[in-house]
Amino acid sequence: MSIGHFIDGKRVGGTSERRGDVFDPATGRRTAEVELASAADVDVAVQAAARAARSWRDASLAKRSAVLFAFRELVHARRDRLAEAITAEHGKVLADAAGEVQRGLEVIEYACGLPSALRGAFSENVSTEVDSYTIRQPLGVVAVISPFNFPVMVPLWFVPVAVACGNAVVLKPSEKDPSAVLLLAEWFAEAGLPDGVLNVVNGDKEAVDALLDHPEVRSVSFVGSTPIARYVYQRGTAAGKRVQALGGAKNHMVVLPDADLDLAADAAVNAGFGSAGERCMAISVLVAVEPVADALIERIAARMAGLRTGDGRRGCDMGPLVTAEHAAKVRSYVDAGVDAGAVPVVDGRDVTPDGDPDGFWLGPTLFDRVTPQMSIYTDEIFGPVLSVVRVDSYDEAVELVNASPYGNGTAIFTNDGGAARRYQHEVEVGMVGINVPIPVPMAYHSFGGWKSSLFGDLHAHGEDGVRFFTRGKVVTSRWLDPRHGGVNLGFPTQT
């Protein structure tokens, strides 16, 4: 099966002869090939978007909302089909895929109500018979570059908001799992979105560079690793574009001595190994403030013993990694952790999966006695590897978190309200959870980190999303009273 693009309202093939392989990670079998767009293919999509943008920007807010409401109903009714498409190409278990779809739906629902967020402000009589007011207008053609780990949720962070604001979109999903996004594009068209307002081009770096350089593209939204986020931001802004580039993470979960250790152990397992750790909000470092480390590790290991790793369609707890190459890379980090002296409490290299032996397997892995000098601590592994770092005090824990070059998400587990309030104030991280391990905000708040986890000023969805996909304009108007007039060459003053 060959997977092409979606341009100007229909599935199409491109001009490029380059192809990439799409796999079922649970079996290791190649299931399709995906076309990798050339710069010429990208230009066709951008030109379709540019034509559509000229009329879509003038579509009434009521019309835009009607399309989004219809799209929401289609996604909700077909959510199981969407989850199955995610699992087939990404590998995450069906329950996790269904959760991804639900979080995407929340952004669609937020976008349905965007007319209220697009309201301007009006000031009457700022000067004699002079009024001022603000309006927000769409940018035009906007690009979205999304990662493999959330093939539905991340596109839905951006596309519904961009469309509701009156823009036309060119979306480049990951070439590893492209099918779910093409379903979304078809359903948007079915919901009444005009041809060309949403276009999908599959591809790799060549397609990314073409979007970053194209003069018709006004903005770029990106989610991926920090090195690529930095590259996208630098190249995109050099071309005069507005860019929001969300990068990698190394999220810490701090557990204070007064915490409920059973709650903390549940949270560590859920946040560390869900989606096989392939989440930018996964907890990858557990900071145990002594004397709780031994008791906490015992609880976590006991819970890990009951996890089933296997095919996501068989009711397992954790699925495979997305590709054979990525599984090998994560496994090499486990090797490096052992070589560096970390203690493997649970070694995922020994897993016996409930699935095809050719799948891309690595079981949940728990390390104790990890130090900040080890690669399993410093690097974003993006796999099911949880590292425990022992510290002696709250202050040492905060210092450790703040020394990280990343600042995406963090959590603290405690029953001390004062400590929690102090932590949320002192920690240098963009999203904070208090007894919540994965503090992904609801759609009407904005998602994004600090430091090397974000390049650009505005976060995804919520109020920041509206500001990103629109430009503000201030109008000052005077409608002269027939009784007023005359020539006055003096400088205008506020009277």
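## Exercises: pockets and cavities

According to UniProt (an unreviewed entry), the feature "domain: Aldehyde dehydrogenase" covers residues 18-475; such annotations may be inferred rather than shown by experiment. The model is predicted, so local features need pLDDT of at least 70 and side-chain atom pairs pLDDT 80 or more, while totals for chains, interfaces and linings use all residues. Residues are numbered from 1 along each chain, and side-chain values use heavy atoms, without hydrogens and water.

**Exercise 1.** Describe the largest pocket and its lining.

*Solution.* Start with the term: on a 1 Å grid over the protein atoms alone, a pocket is an open set of points with protein on both sides within 12 Å along at least five of seven lines, and a lining residue has an atom within 4 Å of a point. Its volume, the space filled by probe spheres set on the points, is about 1100 Å³. Next, look at the centre: of 42 lining residues, F148, S174, K176, S225 and I228 are the closest to it. Then trace the lining back to the fold: domain 1 (2-247 + 453-475) and domain 2 (251-434) each give at least three residues, with bounds from an automatic or database assignment.

**Exercise 2.** Count the cavities and describe the largest.

*Solution.* A cavity is a set of grid points where a 1.4 Å probe fits but cannot get out. Counting those of 30 Å³ or more gives five. The largest cavity holds about 120 Å³. Finally, find its lining: there are 16 residues, with G277, R279, A282, S284 and F382 nearest the centre.
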